[in-house]
Amino acid sequence: MSIEVRGLTIRYAGTAQPAVRDLDLEIGKGELTTLLGPSGSGKSTTLRCIAGLERPDQGTIRIDGQIVCDAARGIWIKPEQRRLGMVFQSYAVWPHLSVFDNIAFPLRILGVERSRMRRKVEEVADLVGLAEFLGRPATKLSGGQQQRVALARAIVFEPRAILFDEPLSNLDAKLRERMRREIRSLQRRTGLTAIYVTHDQVEAFAISDRIAVMNDGRIQQIGTPQEIYARPNSAYVADFLGAANILTGRYTTEAGRTKLAIPSVGLAIDLDLDVDAKSTDSATGLVALRPEDVQVLPSAAGTAVETSVREVEYLGRNLSLTLESAGTELRAFVSPEPVPSIGQRLWITASPNAVVHLGPATPREDRQGS
Amino acid sequence: MWLISERMPAALLAILVGFLVLYPLFWVVEASFRTSILDRTYTLVWYGKVFVENSAPTVELFYHTVVLALGSTLLAVVVGVAAALLVARTDMPGRGAFTIVFLSPFFLTPMITAVSWTLLASPRIGLYNDLLRWVLRLDALTGPLDIYSEGGMIWVLGLYLSPYVYLFTSAALRSLDPSLEEAARMSGASAGGTLFRVTLQLVRPAILSSALLALILSFGQWGVPAILGVPVRTYVLTTAIWSNMAAWPTQREYAAVLSVALLVAAFIFVWAQRRALSGRSFVTVTGRGFRAPAVALGRWRWPIAAAAWSFTVATGVMPLAALVYASVMSRWTTSLRLDLLTLRNYTGLASLEPQAFVAIANSLGLSVLGATLAISLSLFVSLCITRERGPLARILDYVAMLPVSVPSVVFAVGLLMAYLRPPLVLYGTPYILILAYVTLFIPVGVRASTSALSQIDPALEEAARMSGAGPIRRLAMVLVPLIRPGLVAGWVLIYISLMKEVSSSILLGSPSVPVNATVLWSLWSLGAYGAVASFEVLCTVVMAVVAAVVLAVANRSAFQVGSRP
Amino acid sequence: MNWKSVMVAGIAAAAILQLLAFRTLPAFATDAAVREAAKKEGEVVVYGSWPKAGMVAMADAFTKSTGVKVTFTNIASSEVIQRFLAEREASRAVVDVVNISALAPFVDFRKRNLLLQYRSPELAAYPKSYQDSDGYWMNVGHSAEVIVYNTERVPAGKAPKNWQDLTDPMFAKVLAVPDIKGGGTGYLWYYAMRETLGVSFHEKIGALKPQLLVSTASMGQAVQSGEAFVAAGILHYTGTNALKADPKAPIRVVWPNPLPLTDLVVGISSTAPHPNAAKTFVDFIASEQGQKLGVAEQGMLSPRPGIKTEGVPDLSGFKLYSIAADRLEAYFKVEPEYNAEFARLYAK
């Protein structure tokens, strides 16, 4: 394990809830792990604890086996001694220094000899595509270039790991995509262990080896992007990842076949497979139905349920429809042609494979994907 | 937030500043309970005298003090904010020169400013009164203006304090995100509406903060009410304190009780300001690298410029000019008498007061040293205040504001009592002056460095930390370069104030180190008014030249603070 | 010229200067043993409120004749008192000699055992009332409270000649008088006028709504500029010194009768670090040479018979009004009453 966090808890003065509670996290060498969650979920705080910029109330943190923080034993290594690179949301490029001096800063601190420093800075600048900007004042760069300076500064001193705190959220969409590819390829090439904090699930999917979805100061689910997407372990994760329709279903078994009924919409689905623990008699459970998995039919067929069109959004590759049935709204993605009109009747159904079973229902209402 | 100060001994710093400020104050409070200075018994009799026996005069004192303080602060805010808006937000012509002229009252001591104003607006000989009588064809020998009045005091003190408001407000205006104003314009607000509903609201923390400083400074102000209020028997707390100290038998204890009352009043004001500002984020005013576009004044451009320039010339340049004029006249007069022109006040200064030039040099040295120490200490205090969340930081914030709220006449007595005895016997050495100077101006330094620090994105320092830099290198390589303009401004403020400092210099100074204040006093007590004027002019020139050089050198490569696009 | 000849010339010049210095030295009476001890102490520390010029002249001459350095701090009376008392309170002995333009503090200091008993040999030349009966302080100078008027504002024929002339309505609002709160000068003037001319004098002056100023320096400034046409109760040297500096200055000094006198009193701290130097310096101040310097440089009036001050008329015909030590108690007893009376009569 390259980074290991155990029982991390931090509470800010004057707040009732801890920002992070009893969090465990293990990150393998050379792995890029993303902490994904909405603002206030504790992802940045967790990152800052690993960085050493926050001091947790409880828990231990190890980096490459070295204990950098053990609250119980009062062990605390200062951030400047942890040898971690960090890239900040606000770039934190120093306006009083040139690009070269910004990147060279950590090497100066280490007392690296001048010619080696120059070589190293040029090498890293080349890596991030800043070679021709080295002499410029940092303030004369664009946002993307400034973020590259920050990136170069974070890796130039060969840190034990690199931490990204929402590094791309101040950039425009196109640049964001490009930068995230560059960060990923740079991380792969350098083999640096990385922790990446974001609230953008698309970014998380694109960049991560593993994703830890955070909620209320805890990790809700951790796994590869594929695992998380395919098998979200809770309504929260399913919702956060895919704007899914979260519905309450009732499982019944008739003649060895399990059936799922979703009363709020009136949908009934035959499940061919055995849904292990969930398939107890009359058990209720939450299910997620992704918009792309809702099948929309122009006319009544089989068990399809009648709905009426509430909203139509054109997304280019497809249409997003908001459909209403018995007072419950559902979202569905369909092909862009033909465009249904508002109020038009459409029928929906869902294949058994598309349903994501999330486990026992909490007394929550059904929610439409947001 | 886990920054530089946590690993620094913040508690030690708090103890140091607490000691510097509270130890002399302790002696002020102690004096208020003493039977008399040589009698070490304690009594409440002085409190009885102030609040029971003389309750009516005390209430009147408080009334005049509050009227003067609120009135002059209000005037300072109106004038200071208007000037800041004109310079930082409009295309008024000659803004650079306007700034310099506008700040000129700041270079005179309050007492000399008041004396200059008597040349302009005293009922009989005031130049403005001569002019007004001539223009309005008035027959009277006196008036219509009378600087010796409550209104006169408010006028002179308000103008004297307006540069403080100007400096704080214009700094905030410069770093204001223009999109906030553009949003208001797009929402249908007029230029004026935007100004009042958005721009001024956004810089309100800076305005309130400088208003508080002005208010507290006006509470402790002695020179203006002494020259303009005492002749018409309008006493405020400071002049009452002074007259109790000057009287025989010396009513030091009575003065101490009044000082404690003033201290409590000032404390309440600081507390009220903190409450008014709490929850108000300064973050909208973080320094980012943009230059706000000027508001075009259109056809009002020249009329507004003319009005602004006339005002600042009449209120800022003329008192200085009156002083310069008096310094080249063989006698104290404002009448246009070319036959009285003389350079004797300059050429004869050295023979009249052999220490005059040594004193200017000493003041210069002590002020530079004092300002440097004060701003350095203030920087650490501000780091603690802005970065720490605990009660220690909050207490430090209050404590660091106290010295300005105590009239310097009394604070000097506290310093005297404090450093005469162990553990720190500094009396009789030049160190006591340095210590007094640092203590007195910690508040100004802390205001300046706190506002500079609060405009710095914490990530800039965290990035240095992650790059492996320890506290000293973070400070030297990142923080200080980043807030240099703010620190330099604070340094200049303190340096100028120290060049003009009177009370401590006179009570604590040693004869081997004469300073400006001691020379000014000896010239004044000799009745050598022309020499007072010429000496003050020389001091002002030295002060202004050094300040200008420091500002020019220190800010030559000034950059826009912040790193976001 | 090479460096040798420069040096020789320098030594010669120094020797000549030395000779000249000794030649101009009149003796002043000091006990020889005290003087010897003073030389060993080498320094005397003085806090004084007297106008600086006279004090500096005295100090220079003293150092020249005795080799004892004078460290002189020139501050206002109240600050002299503050420093002296604060030092004594903290048991930090710094000051040797204090001089204040008021007698009352010394009477108080004596009561508190803060002063050193010393009878200067020079005192023989002074009247008895100018010294403490036990030698704790001595009165070595006066300033007179006079009338100064502006000749450009007051026509020659209408110039005031005595206190009573000031009650003329023509001086309404153009008369400046000292504020009773402005330290000892203001109170002495109010008291002296009240005792000699009666309350009616203050009633009449108060009715003229005069300008109330807190220091003699402000009064001098007001009358020089013409803001006030006449200043009453102003210390005489403010006028005489201004005329000495600029004989064309548009002011005249009027010596009214009775003439209130403020005192210039000197005493030695009982914890003086340099007691012998202090004694020698007090001898020098009281000596003929010291008095002549004070009179010449700061225009003070000397209580020592036979020393005249330039610009001051013969005062033998005047009723000199000063508060002797034995009258101080009565003098201060009525202070609260007179303060209130002043506030009423001179209300704005």
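Domain 1 and domain 2 of chain A bury about 470 Å² between them. Carbon and sulfur atoms give 54% of that area. The model is a predicted one.

Start with the layout of chain A. Domain 1 covers residues 3-235, and domain 2 covers 244-360. The C-alpha centres of these two domains of chain A are 40 Å apart. Six residues of domain 1 of chain A take part in the contact, and domain 2 of chain A also gives six.

Three residues carry much of the domain 1 side. Tyr229(A), Pro232(A) and Ala235(A) supply 81% of the area that domain 1 of chain A buries against domain 2 of chain A. By class, the side of domain 1 of chain A that touches domain 2 has four nonpolar residues and two polar ones. It has no charged residues. Across this interface of domain 1 and domain 2 of chain A, the rule finds zero salt bridges. Two residue pairs are in polar contact between these domains of chain A, with both residues at pLDDT 80 or more.

Now turn to chains B and C. Here 49 residues of chain B are in contact with 65 residues of chain C. The area buried between chain B and chain C is about 5,000 Å². Carbon and sulfur atoms give 57% of it. Arg124(B), Arg233(B) and Trp248(B) supply 17% of the area that chain B buries against chain C. That is more than any other three residues supply.

Next come the polar links. Across the interface of chain B and chain C, the rule finds four salt bridges. In a salt bridge between side chains, Glu89(C) meets Arg421(B), at 2.6 Å from N to O. Twelve residue pairs are in polar contact between chain B and chain C, both residues at pLDDT 80 or more.

Which elements give two or more residues to the side of chain B that touches chain C? They are β1 (34-36), α13 (237-246), α21 (408-418), α25 (503-508) and α26 (516-526) of chain B. The largest share comes from α26(B), with five residues. By class, the side of chain B that touches chain C divides into 30 nonpolar, nine polar and ten charged residues.

Definitions and conventions. Residues are numbered from 1 along each chain as its sequence is written. Chains are lettered from A and ligands numbered from 1 in the order in which they are written. This is a predicted model: local features need pLDDT of at least 70, side-chain atom pairs count only at pLDDT 80 or more; totals for chains, interfaces and linings use all residues. Side-chain values use heavy atoms; hydrogens and water are left out. Contact means heavy atoms within 4.5 Å. Buried area is the accessible area (1.4 Å probe) that two parts lose on being put together, summed over both. A polar contact is a pair of N or O atoms within 3.5 Å; within protein, one must be able to donate a hydrogen and the other to accept it, and residues adjacent in sequence count only if both atoms are side-chain atoms. Helices (H or I, at least four residues) and strands (E, at least two) are DSSP runs, numbered from the N terminus. Ala, Val, Leu, Ile, Met, Phe, Trp, Tyr, Cys and Pro count as nonpolar, Asp, Glu, Lys and Arg as charged, and the others, Gly among them, as polar. Domain bounds come from an automatic or database domain assignment.
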